[in-house]
Amino acid sequence: LIADYLAGQGNIVNHNQLAISSMRVEELRVLLDNTYNGDEYTEWRFTAGQNWFNNALPGGLDALREDYQTKIADADLVTIDIGANNFGVFLSRYIMSGVDNSISVSDISPEIGEKYAIAKEYILGLLAEQGVSVGADIEEIVELLTYALVGYCYNFDVVMEKIYALNPDVDVVVVSIQNLMEGKNIKVPGSEETI
């Protein structure tokens, strides 16, 4: 939409669409940070399971990283709209499909481990204040939601640092992600409470 608007204003626009279906901010970080390989979901979705990173360009992940980084380094404007999949696709893989794959602090990278623990305790405290009894099923959802939230916030900051390191003069427009839970009431199993 922005490319069309700018072109309509008489600007010469060379638009590079870099979005990938189901991409989270972690996957974008993989492409901008040569030292970061993502998490288990990145491996499942983009490296091992569907092998997207390796097959996207001849030369695999290294070539794709170079392509992304070059395009960002050469850009006058970067628009970024990422994060919905941190909460949508990622969470639904676990919650909706019934996959028993809870996140434990030992699985979380040290760079977000402390933030994860603090956020999880805060969310559990909010539920306790509401009188919600937290069993194993609720705790697993809290762990996944906390992991998605903390991972999004931390890695978004790293992605922005990487963009500006590649191109210090670039203009960046961040498009807000939608709130997938807006107006939703989730019934807590075994309770009359909703969250």
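**Figure 1. Overview of the predicted model.** In this legend and those that follow, helices are DSSP runs of H or I with at least four residues, strands are DSSP runs of E with at least two, and both are numbered from the N terminus. The structure shown is a predicted model. The protein has nine helices and two strands. Read from the N terminus on, its elements run α-α-α-α-α-β-α-α-α-α-β. The protein contains 195 residues, of which 35% count as buried.

Figure 2. Asp39 is placed in the loop between helix H2 (25-32) and H3. Because buried means under 20% relative accessible area, Asp39 counts as buried with its value of 13%. With which side chain does the side chain of Asp39 make a polar contact? The partner is the side chain of Arg24, at 2.7 Å. At the start of H3, a side-chain oxygen of Asp39 also reaches to within 2.9 Å of the backbone nitrogen of Thr42.

**Figure 3. The buried residues of helix H3.** Helix H3 comprises residues 40-47, and its buried residues are Tyr41, Thr42, Arg45 and Phe46. Why are these residues on the same side of H3? They cover an arc of only 95° around the axis, which puts them on the same side of the helix. An α-helix has 3.6 residues a turn, so residues three or four places apart point the same way.

**Figure 4. Strands E1 and E2 side by side.** Strand E1 spans residues 77-80 and strand E2 spans residues 171-174; the two run parallel and are joined by four bridges. Within E2, Val172 is the bridge partner of Val78.

**Figure 5. A nonpolar patch on the surface.** Ile2, Leu77, Val173 and Val175 form this patch, and together they have about 260 Å² of accessible area. Ile2 belongs to helix H1 (residues 2-8). With 34% relative accessibility, Ile2 counts as partly exposed.

**Figure 6. The salt bridge between Arg24 and Glu26.** Side chains of opposite charge can pair when their charged atoms come close. In the salt bridge of Arg24 with Glu26, the closest N and O atoms are 3.7 Å apart. Are the two partners buried or exposed? Arg24 is buried, with a relative accessible area of 1%, and Glu26 is buried as well, at 2%.

Figure 7. The side chains of Lys120 and Glu139 meet in a salt bridge, with 3.0 Å from N to O. This pair links distant parts of the chain, for Lys120 lies in helix H8 (residues 110-129) and Glu139 in helix H9, 19 residues apart. Lys120 counts as buried, at 11% relative accessibility, whereas Glu139 counts as partly exposed, at 28%. The side chains of Glu143 and Lys120 also meet in a salt bridge, at 3.1 Å from N to O. This second pair likewise links distant parts of the chain: Glu143 in helix H9 and Lys120 in helix H8 are 23 residues apart. Both Glu143 and Lys120 are buried. Elsewhere, salt bridges that share partners join Arg24, Glu26, Glu27 and Asp39 into one network.

**Figure 8. Residues separated along the chain.** Ile141 is placed in helix H9 (residues 136-166) and is partly exposed, with a relative accessible area of 39%. How many residues along the chain lie between the positions of Ile141 and Leu91, and what separates their C-alpha atoms? The two are 50 residues apart along the chain, and their C-alpha atoms are separated by 8.6 Å. Ala19 lies in the loop between H1 and H2 and is exposed, with a relative accessible area of 55%. The C-alpha atoms of Ala19 and Ile82 are separated by 8.6 Å, although these residues are 63 residues apart along the chain.

How values were computed
Residues numbered from 1 in each chain as written. Predicted model: local features only at pLDDT ≥ 70, side-chain atom pairs only at ≥ 80, totals over all residues. Heavy atoms only, no water. Buried < 20%, exposed > 50% of the residue type's maximum accessible area, 1.4 Å probe, protein only. Arc of directions from axis to C-beta. Polar contact = N/O pair within 3.5 Å; in protein donor to acceptor, adjacent residues only side chain to side chain. Patch = residues over 30% accessible without salt bridge, like charges linked within 9 Å, V, L, I, M, F, W, Y side chains within 5 Å. Areas by Shrake-Rupley, 256 points an atom, 1.4 Å probe, with all protein chains shown as cover. Salt bridge = Lys/Arg side-chain N within 4 Å of Asp/Glu carboxyl O. Pairing = 2+ DSSP bridges.
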